[in-house]
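Please look through the sequence and the structure shown below, and keep both at hand while reading this report.

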Amino acid sequence: MNRLDNETRARVLSAIVEGVGINATCRMTGVAKNTVLKLLRDVGVACDKYHNEHVRNLKSKRVQCDEVWSFVYAKQKNVPQNKRTFGIGDVWTWTALDADSKLMISYLMGLRDAGYAFELMQDVASRLSNRVQLTTDGFRPYLEAVENTFGTEIDYAQLVKIYGSEQLIGETRYSPAKCLGARQTTIMGNPDEDHISTSYIERSNLTLRLMNRRFTRLTLGFSKKIENHIHALSLFALHYNFCKIHKTLRVTPAMEAGLTNHVWEIEEIINLLEGK
């Protein structure tokens, strides 16, 4: 069985992390589609393993959480009745971000319900080494999930944004509704009102959609299988944390968080396949 050399692997992965779809990556690199998908699967597993082992004992002060909608196979309204199961239709990507280092602390893919809210909070708590200020949107399951996970050892607030309800038509119908304001609500502890915000996590959501073709709206690049969707997310998270220089920080989020002392190259992600 032929095996891709590291130079070809690097070209394939470089295309994927820059938001190029699988079919376009195949055309650009001359690598067969099944080979590209196998590489994505292997790298995704390695990236997830590295994240779980090394993104730990974080000295974060402010954390923001949010959920990103996407879909697999088909949008929920178009899924046949005999295929209505998890992994087909709507899926949600839960993320937690360090507001200072911009490090993606945790990521999780699943449904938008109380069970996954609790799972995210459990994972976030396991990676922190001290008390933090947490901000989420007004999604109600966060309330119980945060309380059951952190108890009173957290400064927690919700930021609820209020949007207009006017109907958009013509060229503007794909634009988001106008934000009319935001309401801050302290849930527990003593959060600093100046830092009750979800701006950074919402900006990272934009980066997720921009740099991962599977999350780009109104394209044919959506995932056809949930497994590939998850592997692509794992690759994105590691590349975002360790390889991508943040324009404001001028270093990578992992460097700012003290997890590494240099900017990773794509070859270092490839080395994870060999356990290096």
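## Aromatic pairs

In this predicted model, F71 and F222 are both buried. By the rule used here, the count of aromatic pairs comes to 10.

An α-helix has 3.6 residues a turn, so residues three or four places apart point the same way. F236 has a relative accessible area of 6% and is therefore buried, because buried means under 20%. Y240, at 8% relative accessibility, counts as buried by that cut-off. Elsewhere, Y50, F242 and W264 form one aromatic cluster.

## Charges over rings

Which charged residue lies over the face of F222? It is K224, at 4.3 Å from the ring centre. In another such arrangement, the charged end of R112 sits over the ring of W92, 5.0 Å from the centre of that ring.

## The sheet

The model contains an open sheet of six strands, which follow one another in the order β3-β2-β1-β4-β5-β6 with mixed pairing. At the edges are β3, residues 104–110, and β6, residues 179–188, each of which pairs on one side only. Neighbouring strands of this sheet are turned by 20° against each other on average, when direction is ignored. Strands of a sheet pair through backbone hydrogen bonds, either parallel or antiparallel.

Strand β1 has partners in both senses: with β2 the pairing is antiparallel, over 10 bridges, whereas with β4, residues 133–136, the pairing is parallel, over three bridges. Two positions can be found in the structure to follow these pairings, as W69 stands opposite W92 in β2, and R62 stands opposite Q133 in β4. Strand β1 is also mostly covered, with 10 of its 11 residues buried. Across β1, β2 and β5 lies helix α6, residues 199–211, which runs at about 35° to β1.

V91 has its place in strand β2. Is V91 buried or exposed? With a relative accessibility of 0%, V91 counts as buried, because the cut-off for that word is under 20%. Apart from its neighbours within four places in sequence, V91 is in contact with V68, W69, S70, F71, V72, F86, G110, I226 and H229.

## Helix α3

Helix α3 covers residues 33–54, a stretch of 22 residues, and reaches 31 Å from its first C-alpha to its last, which is close to the 32 Å expected at 1.5 Å a residue. Among its buried residues are V36, L37, L39, L40, V43 and G44, and the list also includes A46, C47, Y50 and H51. What covers the buried residues of α3 includes helices α1 (6–17), α2 (22–29), α4 (114–127), α7 (226–242) and α9 (266–271), together with strand β3.

## Two residues with positive phi

Most residues other than glycine have a negative phi, and most peptide bonds are trans. In L218, however, phi is near 60°, a positive value in a residue other than glycine. L218 has its place in the loop between α6 and α7, and at 63% relative accessibility L218 counts as exposed, because exposed means over 50%.

R250 likewise has a positive phi, of about 65°, although R250 is not a glycine. The place of R250 is in the loop between α7 and α8, the latter being residues 253–256. At 70% relative accessibility, R250 counts as exposed.

How values were computed:
Residues are numbered from 1 along each chain as its sequence is written. This is a predicted model: local features need pLDDT of at least 70, side-chain atom pairs count only at pLDDT 80 or more; totals for chains, interfaces and linings use all residues. Side-chain values use heavy atoms; hydrogens and water are left out. Two strands pair if DSSP finds at least two bridges between them. Helices (H or I, at least four residues) and strands (E, at least two) are DSSP runs, numbered from the N terminus. Axes are lines fitted to C-alpha atoms, for helices over the stretch in contact, and angles run from 0 to 180 degrees between N-to-C directions. Contact means heavy atoms within 4.5 Å. The expected span of a helix is 1.5 Å times one less than its number of residues. Buried means under 20% relative accessible area, exposed over 50%, partly exposed in between (1.4 Å probe, protein chains only). Rings of Phe, Tyr and Trp (its six-membered ring) pair if their centres lie within 6.5 Å; planes under 30 degrees apart count as stacked, over 60 as edge-to-face and the rest as tilted. A charge sits over a ring if NZ of Lys or CZ of Arg is within 6 Å of the ring centre and within 35 degrees of the ring normal.
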